[in-house]
Amino acid sequence: MSKPDFFPTQTEPMLVRLVQSIAYWVGRFKYQLKLRVSEADLGKIRDLGDARVIFMPNHPTFDDGLVLFLLSAQLGEIFHYLVAYENFTAQLAGFLQKMGCYSIRRGLGDRRSIAHTLDLLKQERSRMVIFPEGGCSFQNDAIMPFRTGAIQLPMQAMLAIAKQEGQFPPCYLVPISIKYRYLKAPELIIQQSLKTLEQKLEITPSDPEPYGRLRGVAQVVMQQLEAEYNLTPAADDDWNDRIERIRNRALSLCETELGLNFPEDFPLRERVYKMQALLIEKADGEMALDLDTYESLYQTTVRLLNFDAIYDGYVGDHPSPERFIDTLTRLEREVFRVEIPAPKGLHEGWLRVGTPINLQDYVAQYKGDRQDTLQQLTDAMQYEVQNNLLDMIYHP
């Protein structure tokens, strides 16, 4: 039986409540994850009452969905979650749907997902989670550009309600900042990860300090990628030049193999999502790729997403344990060919709620200039999330 093109919500409230009742223990012992959120921040959400709410969090890791589910348990609410199509495997699809999740095929105009989003937003007291970055940044302290679609859909849904009922209802965009902190001996986690990578890469570290060892591992990985893509760095290339050249070569190879051609200003992440969508289609279609080519291309797309936002200086600028672990996790994905490494130790998802924005206040402006209003609201959400992340760095 072929995989469906779309997975709608099939929420079972009683089951959601049951899972919420044990969510703390599942997070703590299975995922080694705890939620940290203040009563003041919970109060900002409770104060919105019965209004429709769209939570707009940053997306640093694959744990973020669990953090938002733990938040729903704290609030005693049932959320709906927009989740990447690839997560709806044969083993997980039914459970995810019963928990309020539904699929989105990134890189495509997924009309069924968009229509389902609009239907869910029109429900009374709707609680929706949309990650406006579109995918994981794999960075604990920085975010990627937000997409305007995360705001356009709620605005469309509320306008449809206003057309039917004669009044635009309150609907709040709530910026959510998520930052992770390791609670037990992060230095030992870093040492163990470095040791494992060094052993795999057959490196004898020349620098005893963790940052020097990290750069040593990164240097070998970069050299391996350059060899794989037949690249020779110029004498005056710095690391960021070399990283960019590797990205461009990997992207070019995928585009050529798949017969795609994007405008130069088309964002890398959007290109990769379109390539992955095409790979899914080719996996079952008449023009199916041979297995080796498919695996090679898919691994390259994963690599591109893994290293999309990385740059030399991310750890050096602020050498926190979390930035070390961010970068080590990326290197482990590449070296060990594993998409989601196992939890490294007990950590907390620290969640901060920003100032909600009521779409009611922007209706007239939106009707006058849709694109400018959407961009203004998107920029405001992105600024609030990033600003709170920075504040969390310096005021732990």
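Two strands are said to pair if DSSP finds at least two bridges between them. Strands here are DSSP runs of E with at least two residues, and helices are runs of H or I with at least four, both numbered from the N terminus. Under that definition, 4 bridges join strand β1, residues 33-36, to strand β7, and the two run parallel.

Before I continue, a word on the source. This is a predicted model, in which local features need pLDDT of at least 70 and side-chain atom pairs count only at pLDDT 80 or more, while totals for chains, interfaces and linings use all residues. Residues are numbered from 1 along each chain as its sequence is written, and side-chain values use heavy atoms, with hydrogens and water left out.

Let me stay with β7, which spans residues 347-353.

How many residues of β7 are buried? The count is 7 of 7, where buried means under 20% relative accessible area, exposed means over 50%, and partly exposed lies in between, using a 1.4 Å probe and protein chains only. Both faces are covered: one side carries H347, G349, L351 and V353, and the other carries E348, W350 and R352.

Helix α2, residues 39-46, has D41, L42, G43 and I45 as its buried residues. These pack against β7, and also against β2 (52-57) and α3 (64-75); contact means heavy atoms within 4.5 Å.

I turn now to the chain as a whole. The protein chain holds 15 helices and 8 strands, and buried residues make up 52% of its 396 residues. Its radius of gyration, taken over C-alpha atoms, is judged against a globule rule of 2.2 Å times the number of residues to the power 0.38. A compact globule of 396 residues would have a value near 21 Å, so the 22 Å of this chain agrees. Among contacts with a separation of 6 or more, 73% are between residues 24 or more positions apart.

Rolling a probe the size of a water molecule over the atoms shows where empty space is left. A cavity is a set of points, on a 1 Å grid over the protein atoms alone, where a 1.4 Å probe fits but cannot get out; lining residues have an atom within 4 Å of a point. Grid points are joined across faces, edges and corners, and a volume is the space filled by probe spheres set on the points. The whole structure contains 2 cavities of 30 Å³ or more.

Of its 23 lining residues, A218, W239, I243, F307 and I310 lie nearest the centre. Which helix gives the most to this lining? That is α8, with 7 residues. The second largest cavity has a volume of about 60 Å³, and its lining consists of Y85, E86, R105, R106, Y273, Q276, A277 and I280.

Finally, F262 is found in the loop between α9 (239-258) and α10 (268-284). F262 counts as buried because its relative accessibility is 13%. Beyond its neighbours within four places in sequence, F262 is in contact with E255, R271 and K274.

Key. 1 Å grid on protein atoms, 1.4 Å probe; cavity = no way out; pocket = protein on both sides within 12 Å on 5 of 7 lines; lining within 4 Å.
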